[in-house]
Amino acid sequence: MAIKSQEERAISAEEDIILVRNSVKRVTALLNFSLVNQTKIISAASELARNTLEHGKGGRAIIQLVNDPDRVGIRLTFEDHGPGIADINRALEDGFTTTRGMGLGLGGARRLMDEFVIESKENDGTTVSVTKWIEKS
Amino acid sequence: MERIPILKFGDILLVTIQVDFHDRIALALQEDLTEKIVNLSAKGVLIDISALEMVDSFMGRVLGNIAKTSRLLDCYAVLVGMQPAIAITITELGVTLTGIHTALTAEAGIDLLNDMIKSKSNGKVHAKRQVAKWR
């Protein structure tokens, strides 16, 4: 898999969630994702950016346009150096929340995207990476 | 701070969400709306989200809370204009919006609100209880 382009956005305030969404939207439109898939990707980005801000105490989003021989995709990576997640399996369950959300962030983002990878270490931070692909025509 | 305008139209309040609905604006809307419902004795609230390109779980929660709070204040809330792609996405995301009334267009939403307000003043709100008796 090759990375064709990359954009980075800091997440340190609520407004940054919108900036992340806008960057993601631009890339999904560029890749010609269907409207439904664009909406899914932007929503997943919004959920994960909010997690980075609220649970991770801020961090950054990396938005990548990725390329395989037969497909292109968008990969979103959210990194924070917050408290980390003690029990990842539990955090992936719907309804698990420690803040004011619905607790759908991680599990929801996983359902909306094709690939989902999470790494977390207590007191060290969390990295979530999600990818959605589109077949080359 | 940016705020979402709330228009009064008879007994109904109209809210069109067109800005990028970030968290603070969403929470401010919830407060402004409950205040106006009480101050103006509004009987219905129409929330138009046709300009929104996405609804995440936080916004879903705020919209659901607005509907529930309105109901506690003797006011009905109807959500109109949801884009089909958003309906698909929030279902997959797990946002249920249980108990929220919806209509496809603002016009249909106003009709629904007027029906709900009318049937309430006609005393038809106990329809469920009547059905239970019939069994």
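**A tour of pockets, cavity and cores**

Start with α2(B): with seven residues, this helix gives the most to the lining of the second largest pocket. Helices here are DSSP runs (H or I, at least four residues), strands are E runs of at least two, and both are numbered from the N terminus. This is a predicted model, in which local features need pLDDT of at least 70, side-chain atom pairs count only at pLDDT 80 or more, and totals for chains, interfaces and linings use all residues. Residues are numbered from 1 along each chain as its sequence is written, chains are lettered from A and ligands numbered from 1 in the order in which they are written, and side-chain values use heavy atoms, leaving out hydrogens and water.

**Stop 1**

Select B:Gly64, B:Lys68, B:Thr98, B:Gly99 and B:Ile100, the closest to the pocket centre of its 16 lining residues. A pocket is an open set of points on a 1 Å grid over the protein atoms alone, with protein on both sides within 12 Å along at least five of seven lines; lining residues have an atom within 4 Å of a point. The volume is about 240 Å³, counted as the space filled by probe spheres set on points joined across faces, edges and corners.

**Stop 2: the cavity**

Select A:Ile18, A:Arg21, A:Asn22, A:Ile42, B:Asp20, B:Glu53 and B:Met54, which line the largest cavity. In a cavity a 1.4 Å probe fits but cannot get out. About 40 Å³ of space lies inside. Helix α1 (residues 14-30) of chain A gives the largest share of this lining, three residues.

**Stop 3: the cores**

Now show A:Val24, A:Ile74, A:Leu76, A:Phe78, B:Ile17, B:Phe21 and B:Val45, which touch the most other members of the 65-residue largest nonpolar core. Helix α2 (residues 35-54) of chain A gives the most to this core, with seven residues. Apart from it lies another core of 10 residues, including B:Val78 and B:Ile110. A nonpolar core joins buried Ala, Val, Leu, Ile, Met, Phe, Trp, Tyr and Cys residues through side-chain atoms within 4.5 Å.

**Stop 4: B:Ile6**

Finish in strand β1 (residues 6-9) of chain B, at B:Ile6. Is B:Ile6 buried or exposed? B:Ile6 is buried, with a relative accessible area of 11%; buried means under 20%, exposed over 50%, partly exposed in between (1.4 Å probe, protein chains only). Its C-alpha atom is separated from that of B:Ile17 by 9.7 Å.
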